[in-house]
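Here is a short tour for anyone meeting this structure for the first time. Have a look at it, then read on.

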Number of protein chains: 4
Amino acid sequence: MSKIPVGILGATGMVGQNYISLLDGHPWFEVKYVAASARSAGKKYGDVMTGRWHLRKNCPSSVNDIIVEDANDITRAAQSAKQGNLAFVFSALEMEKNEILALESGYAAAGIPVVSNASANRWTDDVPMLIAEVNPDHADIIPAQQKSRGWNKGFIAVKPNCSIQSYMTPFWALIQAGYEIKRAVVSTMQAVSGAGYPGVPSLDIIDNVVPYIGGEEEKSELEPLKIFGKIENGKFNKASSPVISAHCNRVPVINGHTVTVSMEFSDKKPSVEQIKKIWTDFRALPQKLNLPMAPVQPIIVRDEPNRPQPGMDRDIDKGMAVTVGRIRPCNVFDIRFVGLSHNTVRGAAGGGILNAELLKSKGYL
Amino acid sequence: MSKIPVGILGATGMVGQNYISLLDGHPWFEVKYVAASARSAGKKYGDVMTGRWHLRKNCPSSVNDIIVEDANDITRAAQSAKQGNLAFVFSALEMEKNEILALESGYAAAGIPVVSNASANRWTDDVPMLIAEVNPDHADIIPAQQKSRGWNKGFIAVKPNCSIQSYMTPFWALIQAGYEIKRAVVSTMQAVSGAGYPGVPSLDIIDNVVPYIGGEEEKSELEPLKIFGKIENGKFNKASSPVISAHCNRVPVINGHTVTVSMEFSDKKPSVEQIKKIWTDFRALPQKLNLPMAPVQPIIVRDEPNRPQPGMDRDIDKGMAVTVGRIRPCNVFDIRFVGLSHNTVRGAAGGGILNAELLKSKGYL
Amino acid sequence: MSKIPVGILGATGMVGQNYISLLDGHPWFEVKYVAASARSAGKKYGDVMTGRWHLRKNCPSSVNDIIVEDANDITRAAQSAKQGNLAFVFSALEMEKNEILALESGYAAAGIPVVSNASANRWTDDVPMLIAEVNPDHADIIPAQQKSRGWNKGFIAVKPNCSIQSYMTPFWALIQAGYEIKRAVVSTMQAVSGAGYPGVPSLDIIDNVVPYIGGEEEKSELEPLKIFGKIENGKFNKASSPVISAHCNRVPVINGHTVTVSMEFSDKKPSVEQIKKIWTDFRALPQKLNLPMAPVQPIIVRDEPNRPQPGMDRDIDKGMAVTVGRIRPCNVFDIRFVGLSHNTVRGAAGGGILNAELLKSKGYL
Amino acid sequence: MSKIPVGILGATGMVGQNYISLLDGHPWFEVKYVAASARSAGKKYGDVMTGRWHLRKNCPSSVNDIIVEDANDITRAAQSAKQGNLAFVFSALEMEKNEILALESGYAAAGIPVVSNASANRWTDDVPMLIAEVNPDHADIIPAQQKSRGWNKGFIAVKPNCSIQSYMTPFWALIQAGYEIKRAVVSTMQAVSGAGYPGVPSLDIIDNVVPYIGGEEEKSELEPLKIFGKIENGKFNKASSPVISAHCNRVPVINGHTVTVSMEFSDKKPSVEQIKKIWTDFRALPQKLNLPMAPVQPIIVRDEPNRPQPGMDRDIDKGMAVTVGRIRPCNVFDIRFVGLSHNTVRGAAGGGILNAELLKSKGYL
């Protein structure tokens with residue numbers, strides 16, 4: 001059976017490179033279309049990337065000979081789609097917000113679904129912001145989105161920011177088990193790969209911590225409320241809890257965002273043991289559908305006193321599982337713990353691929 | 001005028017090395033007596049330290065020829081004291097708690113005051129745990145301590161753990177200004193020098209974070225309550241607030257503990273601008289007395305969005321000032337900020353020296 | 001077909017852990033016997049390793065329930081061997097040289113071949129020091145070794161130091177192509193994992209370089225001469241070239257030893273292009289035998305100006321290939337280049353496993 | 001006595017910041033004129049640098065209120081010079097080579113001497129490339145330079161690349177003692193601060209080594225020949241030795257370039273002990289003149305087996321001394337050793353300031 005031909009918008013950037021890398025050997029999808037800025041267009045991807053491939057894993061040879069297209073040339077993409085060579089695109093665009101909004105809408109309008117990693121459409125009313133294990137039902141806004149926009153086959157679906165991934169699935173597992181989380185204070189220790197390339201200068205981070213990442217705290221506090229919200233009248237109605245206070249810090253780590261969390265429950269308060277069981281047992285739609293990129297066990301609970309650690313736990317289960325540990329009572333709130341997820345896999349390209357698998361399974365792709 | 005001759009117990013360990021380094025050129029004190037384990041005794045300090053000096057600043061040559069004494073040989077120290085060659089000792093002992101308790105009491109009983117960096121006596125009822133800017137009046141328990149122990153000139157005074165230094169002075173400045181802090185969630189990013197030598201293996205911390213430091217969270221939560229407490233009937237009555245929830249993490253930084261803090265006030269709540277002013281204007285007894293090791297301005301407020309940073313701010317004012325920044329409202333509590341202090345200076349040997357200067361000024365030394 | 005049961009001496013140390021990790025899922029060998037110090041004996045490996053597993057990849061669950069044996073108890077091992085549960089052992093012993101010599105001989109005398117990672121027997125006259133691609137014929141000293149020692153089935157074979165792996169195979173490929181290397185100056189930048197655990201203190205290596213590794217330069221200069229030597233009268237006759245001057249340095253890198261090399265040829269001098277071709281085309285016995293652990297292409301030539309890099313190239317082909325780059329004329333000698341190999345895989349456990357595969361193919365195991 | 005007013009061209013770049021920082025409190029010179037690109041001109045230096053000051057030591061407050069001038073506006077500088085507010089400039093220009101050539105000549109033609117850190121004029125025939133301890137007599141080409149250019153008071157003097165500083169003074173001390181160095185193989189481990197800001201991306205260097213720095217090896221091999229050359233007929237006649245083969249590597253270190261050196265002498269070969277004595281005893285003109293920035297002892301010999309190290313030795317004597325160690329026979333050549341110098345102090349701004357002090361003492365400023 002032949003694979004589904006997919007495209008990557010922004011294929012030369014760091015997120016694009018991660019898509020290229022993670023889609024290598026994917027059982028369902030095959031990269032057939034790569035698009036970037038006009039100045040790369042017309043050249044082979046392998047040639048364009050000489051000296052620009054910055055992942056620690058080498059570029060798969062399978063994409064070397066693909067001719068790079070101009071990401072602004074939607075007509076060209078539509079042609080490819082018509083010929084059956086492009087089913088949908090992953091958007092890893094790195095541009096001004098307005099340009100991304102215009103381009104993603106353009107592709108969708110041309111009948112090419114857009115599974116996006118960009119932040120531009122995260123707060124668009126009718127665009128689902130998906131974590132496949134948490135709010136897969138949000139995908140069901142797509143027909144309404146298509147209808148209101150007058151789009152046929154195309155649509156836009158996005159994923160949230162990388163820094164919230166290490167606690168969103170744990171939070172959701174508890175909420176689903178009936179424990180409402182009222183408030184949480186989170187403090188992150190984020191990897192430099194989250195800033196792209198060239199990103200964080202080494203002079204700023206060797207033997208140092210930078211206790212600030214522009215815009216990150218706002219995203220960390222707001223995005224969960226849309227993700228935990230409900231579809232009402234073709235729009236998302238934001239949840240009102242948990243209220244989150246986020247402290248976002250950059251540390252000298254290549255990959256893997258670590259977070260400390262203190263959380264307060266509303267009325268019903270689970271014990272440490274109950275939480276461990278809920279998290280260990282948690283399975284969601286991606287697991288039930290046995291999606292290729294889905295982790296077998298979405299939340300891995302470690303009992304050792306000093307885990308999770310990015311160096312030891314980020315790559316577990318293809319980098320798609322969230323690892324938690326140090327679950328213990330909190331002096332100030334009810335429970336505190338440490339969470340970890342791989343920011344460029346679970347938090348970016350891997351999460352985007354899993355979203356596409358989910359959307360495919362639900363029949364939207 | 002001749003300097004006061006001081007001794008260092010545990011002079012070969014990392015804290016001892018920091019005392020040696022920071023006391024070099026001190027205007028009041030001069031290291032005349034160094035004591036370590038029996039196997040180092042009888043040799044010159046310079047010879048003993050060949051291959052064992054691990055500070056990044058070289059060992060001052062002035063101590064090279066001092067003969068190392070056996071720290072267990074209190075008689076020898078008493079003799080030195082009698083001859084006017086030893087006025088008091090800094091304890092940087094690294095032993096079992098019981099051994100430290102016995103030794104520190106032994107020196108004090110022999111008439112040699114002990115200004116200690118060790119944790120053994122922190123919770124001893126009549127021993128003051130001093131941060132010179134916060135609770136200098138706690139030193140006034142010393143006469144009661146001496147009386148109840150039957151000690152003449154000797155006494156024991158200690159300093160608290162390094163990880164709380166970056167928020168204790170800020171907290172105190174607010175409390176003194178009339179703002180009671182009810183609760184706080186703190187998350188630290190601590191330097192490897194806090195673990196001594198050899199301390200944290202490089203395999204554990206390069207490209208990694210370890211979200212656990214044994215015993216550190218308990219100390220961080222409890223010690224503030226003694227420090228903010230009051231002397232009543234020759235004992236310390238612990239304060240009941242702030243209730244603190246501490247998350248302690250190790251990061252790949254050589255020196256400087258960074259902390260994120262979310263704090264809740266009781267009734268009276270200061271604004272961000274009020275806090276900046278209180279902190280910037282804060283001066284305490286060490287500043288009034290113009291003590292040599294005292295920072296001119298104990299709390300430095302940075303307005304840049306990305307400060308403090310350990311790499312840039314740890315060494316300010318001899319490493320003795322606390323730097324704070326990112327003072328802003330908190331979604332969950334009232335105010336959040338980032339604090340930083342140099343763990344081996346302000347948080348260890350430098351803090352100990354300042355305590356000794358304070359005790360001298362108060363007439364106890 | 002059932003797998004060959006193998007044992008690991010020193011299974012709880014870092015090299016032992018690497019053997020455990022790399023042998024997980026090996027097509028020929030299965031770990032059935034793990035031995036360590038007496039105090040670990042009698043307990044399950046998984047229990048013994050709680051808090052002691054320091055690899056960044058988790059311990060495979062398959063070994064958790066194996067009961068740890070006392071490495072000094074050769075009788076117990078012989079019994080296992082007799083019952084068909086132990087065909088040979090990998091020695092990852094970390095002890096005094098004399099103890100290792102005694103133990104490795106003991107196992108061999110008991111009929112259990114020893115494929116060793118330890119340095120103790122590297123200079124034993126009749127013990128081959130093998131790099132599978134370089135001197136596989138040295139294994140053929142084994143019958144003479146067995147005869148002179150009066151051993152039946154047992155023997156000892158070792159591998160050389162990790163730091164020479166990145167240039168030994170490149171040197172050998174050139175020698176085999178007829179280009180004698182007269183002299184070479186090499187300067188290494190070695191990973192901290194080479195020092196085991198706890199190994200290099202983080203205080204010594206964050207934001208630092210340590211230009212010294214005890215004993216490493218001597219090994220780097222001498223071992224190549226035995227490896228390039230010839231068997232004569234049941235002993236190794238050392239080669240007289242290349243004369244090597246080694247500068248060994250420790251850098252803040254987790255895995256992967258990088259080396260800069262300037263080399264002088266005797267009469268016949270290859271061009272840069274000839275060298276690239278020789279190295280790219282080089283295949284040796286492990287490749288011809290298609291051994292499971294053998295890299296497909298032992299020497300990978302990179303043409304980019306800034307490669308190899310440990311972060312990007314160490315894991316190529318299971319961590320077993322050597323990557324070279326920057327091949328260019330040398331002002332002082334003839335040619336210079338940069339080499340890289342994974343020190344704990346190619347340079348330690350992986351190299352040991354490949355040696356065992358070679359010895360199996362040659363009929364010695 | 002009032003200080004000499006000096007200017008800094010390129011004052012907002014990293015080298016410029018280092019000049020600002022190191023000149024703070026200088027006994028002879030005072031920064032009175034700072035120039036940068038046109039878009040910074042007219043603003044206060046302190047305001048321009050908000051968010052752009054990247055040194056780990058804070059910007060001295062004394063320069064905050066200086067109005068930034070346009071570095072292209074030589075007329076403005078000439079005016080300042082005329083008013084006695086600008087005696088000479090340090091050039092820390094970061095531009096295209098041609099622009100720097102034009103600008104530096106422009107300032108000199110306008111009667112303003114240029115003490116440059118830029119590489120543009122290093123190979124200009126009549127421009128001295130000075131290391132104050134090595135070739136102070138090269139300054140004496142200045143009258144010829146002025147005459148041939150038709151310049152009155154202005155001239156251009158430059159300093160060499162940072163990476164050669166750790167062996168040039170040691171080489172020179174030996175040459176001066178009568179030991180000709182024929183050939184040397186050097187392999188550097190260079191700090192990230194050498195690449196300026198933003199410079200090396202953290203993604204490229206955490207847990208990594210980059211064995212390549214564009215253009216650095218060529219400079220390292222050629223510049224010594226000019227520095228060791230002689231003035232003949234108003235031009236520099238290059239020395240013919242030592243022939244150097246340089247391997248330049250970037251490592252995860254903030255400051256301090258470390259280098260391993262194997263060197264071959266011509267006929268007369270010094271012993272290790274002779275070399276130690278020559279280096280320890282070496283004093284040059286800056287020491288004789290007691291110049292403020294001159295290290296008391298230009299070459300510090302360490303006897304410990306594991307020194308020098310950048311983390312421990314870079315800051316010795318204001319960061320101006322070169323530290324050497326591991327002096328030992330070389331298998332391939334005669335002697336090998338490890339050298340270290342602070343790249344942004346000795347190797348850049350500090351070296352430039354010392355050059356200016358030398359030029360002042362010689363009467364050229």
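## Where C meets D

The contact takes 35 residues from chain C and 35 residues from chain D (two residues touch if their C-beta atoms, placed from the backbone, lie within 7 Å). On the chain C side, β10(C) gives the largest share, 5 residues. By type, that side splits into 18 nonpolar, 12 polar and 5 charged (Ala, Val, Leu, Ile, Met, Phe, Trp, Tyr, Cys and Pro are nonpolar, Asp, Glu, Lys and Arg charged, the others, Gly among them, polar).

Strands here are DSSP runs of E, at least two residues, and helices runs of H or I, at least four, numbered from the N terminus.

## About the model

This is a predicted model, where local features need pLDDT of at least 70, side-chain atom pairs count only at pLDDT 80 or more, and totals for chains, interfaces and linings use all residues. Residues are numbered from 1 along each chain as its sequence is written, while chains are lettered from A and ligands numbered from 1 in the order in which they are written.

## A sheet in chain D

Chain D has an open sheet of 6 strands, in the order β10-β7-β11-β14-β13-β12, with mixed pairing (a pair needs at least two DSSP bridges). At the edges sit β10 (243–250) and β12 (299–301) of chain D, each pairing on one side only.

Inside this sheet, β11 and β14 of chain D run antiparallel and are joined by 7 bridges. Across that pairing, Val261(D) stands opposite Phe337(D).
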